[in-house]
Amino acid sequence: MKRIVLAAVVGLLLSRSLALAQERPPLVMEIGFQWTALGTVTGAVVGAAIWLTDPANPNNSLARQTIEGAALGAIAGAGLSIYIMQLTARIPAPVAYGARPLDPARRLNTEPLLAQGPAFGLGGATTVGRSLILPLLDLRF
């Protein structure tokens, strides 16, 4: 019995398909981290370059300018990462359905229940793709 269960589990693991709900590379958190880190480094370099333009100013310190530049760069990098993720987002396609039985254009008369057909609307509703239909309750999965 243990061998059969083990063989079934191994067979299921080997024959499993890729889950379509899983995120594919590049990962969102990876994109966000990379752009934020790049913005932080760029901001720190720009802050140091600003300090280099006037190093004799007593109100201007290298540490303060570098930290302010890094903070502003991190904010800009995070904003840019969100913008890039929005541009590259893959939105799922809408589900295509056939004509609905209660659609007024399909009615032969003004009674909506007669337009559905016999047995709880089984006559007109169609869906595209694989689905499981429970006819008694007219549920589709």
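Which residue forms a salt bridge with Arg64? The partner is Glu68, and the closest N and O atoms of the pair are 3.2 Å apart; a salt bridge here is a side-chain nitrogen of Lys or Arg within 4 Å of a carboxyl oxygen of Asp or Glu. The model is predicted, so local features need pLDDT of at least 70 and side-chain atom pairs count only at pLDDT 80 or more, while totals for chains, interfaces and linings use all residues. Residues are numbered from 1 along each chain as its sequence is written, and side-chain values use heavy atoms, with hydrogens and water left out.

**Overall architecture**

- The chain contains five helices and two strands, where helices (H or I, at least four residues) and strands (E, at least two) are DSSP runs numbered from the N terminus.
- Read from the N terminus, the order of the elements is α-α-α-α-α-β-β.
- The chain has 141 residues, of which 12% count as buried; buried means under 20% relative accessible area, exposed over 50%, and partly exposed in between, with a 1.4 Å probe and protein chains only.
- Among contacts in the chain with a separation of 6 or more, 45% come from residues 24 or more positions apart, a contact being heavy atoms within 4.5 Å.

**Packing of α2 and α3**

- Two packed helices are described by the angle between their axes and the distance between the axes.
- Helix α2 spans residues 28–53 and helix α3 spans residues 62–88; they pack at an angle of about 150°, with axes 6 Å apart.
- Axes are lines fitted to C-alpha atoms, for helices over the stretch in contact, and angles run from 0 to 180 degrees between N-to-C directions.
- The two helices α2 and α3 are therefore roughly antiparallel to each other; angles under 35 degrees count as roughly parallel, over 145 as roughly antiparallel, 65 to 115 as roughly perpendicular and the rest as oblique.
- The crossing of α2 and α3 is right-handed, that is, the near helix is turned clockwise from the far one by less than a right angle.
- The contact of α2 with α3 involves 14 nonpolar, 12 polar and no charged residues; Ala, Val, Leu, Ile, Met, Phe, Trp, Tyr, Cys and Pro count as nonpolar, Asp, Glu, Lys and Arg as charged, and the others, Gly among them, as polar.

- Ser81 lies in helix α3 and is buried, at 3% relative accessibility.
- Leaving aside residues up to four places away in sequence, Ser81 touches Ile31, Gly32, Trp35 and Thr36.
- Thr42, in helix α2, is partly exposed, with a relative accessible area of 41%.
- The C-alpha atoms of Thr42 and Gly73 are separated by 6.3 Å, although these residues are 31 residues apart along the chain.
- Asn60 belongs to the loop between α2 and α3 and counts as buried, at 13% relative accessibility.
- With residues up to four places away in sequence not counted, Asn60 touches Ile50, Trp51, Asp54 and Gln65.

**The salt bridge**

- The structure holds one salt bridge.
- Glu68 and Arg64 are four residues apart in helix α3, and are therefore separated by about one helical turn.
- Glu68 is partly exposed, at 37% relative accessibility, and Arg64 is also partly exposed, at 39%.
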